[in-house]
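Hi,

Here is the structure I promised to pass on. Have a look at it first, and then read on for what turned up.

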Amino acid sequence: MIQQIEITLTAYSRGYHLIDSEIRRNLPDLPETGMMHLFIKHTSAALTINENADPSVRDDFELIMNHLVPENEPYYTHVFEGADDMPAHVKASMMGTELTIPITNHQLNMGIWQGIYLCEFRNRGGRRKIVVTIYS
């Protein structure tokens with residue numbers, strides 16, 4: 001069986017945000033076993049799984065990505081929507097738009113130190129939409 005819902009996240013500031021609780025709060029009852037696929041419907045934000053305990057990891061992600069893909073480069077041509085826009089598109093492509101997480105015993109089967117991140121690359125990205133597809 002396949003179930004699909006769309007979740008609209010609250011608006012987050014630029015940065016890397018743990019969204020596990022917001023995702024779980026909006027999920028239907030999970031099957032005993034299966035897979036959950038998450039897809040973010042935006043070109044300037046991304047999803048990833050990483051460290052969920054130490055917030056300095058999220059700060060370092062922001063610093064590293066800004067170093068790799070800086071704003072205000074003179075060679076950018078897609079600049080109409082602001083200095084953060086083109087770098088946001090590149091960062092989103094680098095980090096990715098989807099995740100797949102196993103379901104075991106009606107729970108997401110993630111490591112103890114793993115959390116789901118929203119990677120918000122825009123200064124004012126707004127409410128982001130995620131399509132959740134559950135396969136059982």
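This is a predicted model: local features need pLDDT of at least 70, side-chain atom pairs count only at pLDDT 80 or more; totals for chains, interfaces and linings use all residues.

A residue counts as exposed when its relative accessible area is over 50%, as buried when that area is under 20%, and as partly exposed in between. With 59% relative accessibility, Tyr75 is therefore exposed.

Let me start with the rings. Searching the whole structure gives 5 aromatic pairs. In one of them, Tyr16 and Tyr117 sit edge-to-face, with 6.4 Å from centre to centre and 65° between the planes. This pair links distant parts of the chain, since Tyr16 is in strand S2 (residues 15-18) and Tyr117 in strand S7 (residues 114-120), 101 residues apart. Both Tyr16 and Tyr117 are buried. Tyr75 and Tyr76 make an edge-to-face pair too, because their ring centres are 5.2 Å apart and their planes stand at 80°. There is also a cluster, in which ring pairs link Tyr16, Phe61, Tyr117 and Phe121.

Next, the nonpolar residues. In soluble globular proteins, nonpolar side chains tend to be buried together. Here the largest nonpolar core has 22 residues, and Leu9, Ile19, Ile23, Met36, Leu38, Ile130 and Val132 are those with the most contacts inside it. At least two residues of this core come from each of S3, strand S4 (45-51), strand S5 (98-104), S7 and strand S8 (129-135). Leaving out residues up to four places away in sequence, Ile23 touches Ile7, Leu9, Met36, Leu38 and Ile130.

Met35 belongs to strand S3 (residues 33-40), and its 35% relative accessibility makes Met35 partly exposed.

Ile49, in strand S4, is partly exposed as well, at 23% relative accessibility. What does Ile49 touch, not counting residues up to four places away in sequence? The list is Leu99, Ile101, Met110, Gln114 and Gly115.

Finally, the charges. The whole structure holds 9 salt bridges. Glu6 takes part in a salt bridge with Lys41, at 2.9 Å from N to O. Glu6 lies in strand S1 (residues 2-8) and Lys41 in the loop between S3 and S4, so this bridge ties together parts 35 residues apart in sequence. Glu6 also meets Lys129 in a salt bridge, at 3.9 Å from N to O. That one links Glu6 in strand S1 with Lys129 in strand S8, 123 residues apart. How accessible are the residues involved? Glu6 is partly exposed at 39%, Lys41 is partly exposed at 41%, and Lys129 is partly exposed at 35%.

Another salt bridge joins Arg14 and Glu71, whose closest N and O atoms are 2.5 Å apart. Arg14 is in the loop between S1 and S2, while Glu71 is in the loop between helix H2 (56-68) and helix H3 (85-95), so the pair ties together parts 57 residues apart in sequence. Glu71 is partly exposed, at 27% relative accessibility. There is a network too: salt bridges that share partners join Glu81, Asp84, Asp85 and Arg122.

Best wishes

Note on methods: Residues are numbered from 1 along each chain as its sequence is written. Side-chain values use heavy atoms; hydrogens and water are left out. Rings of Phe, Tyr and Trp (its six-membered ring) pair if their centres lie within 6.5 Å; planes under 30 degrees apart count as stacked, over 60 as edge-to-face and the rest as tilted. Helices (H or I, at least four residues) and strands (E, at least two) are DSSP runs, numbered from the N terminus. Buried means under 20% relative accessible area, exposed over 50%, partly exposed in between (1.4 Å probe, protein chains only). A nonpolar core is a set of buried Ala, Val, Leu, Ile, Met, Phe, Trp, Tyr and Cys residues joined through side-chain atoms within 4.5 Å. Contact means heavy atoms within 4.5 Å. A salt bridge is a side-chain nitrogen of Lys or Arg within 4 Å of a carboxyl oxygen of Asp or Glu.
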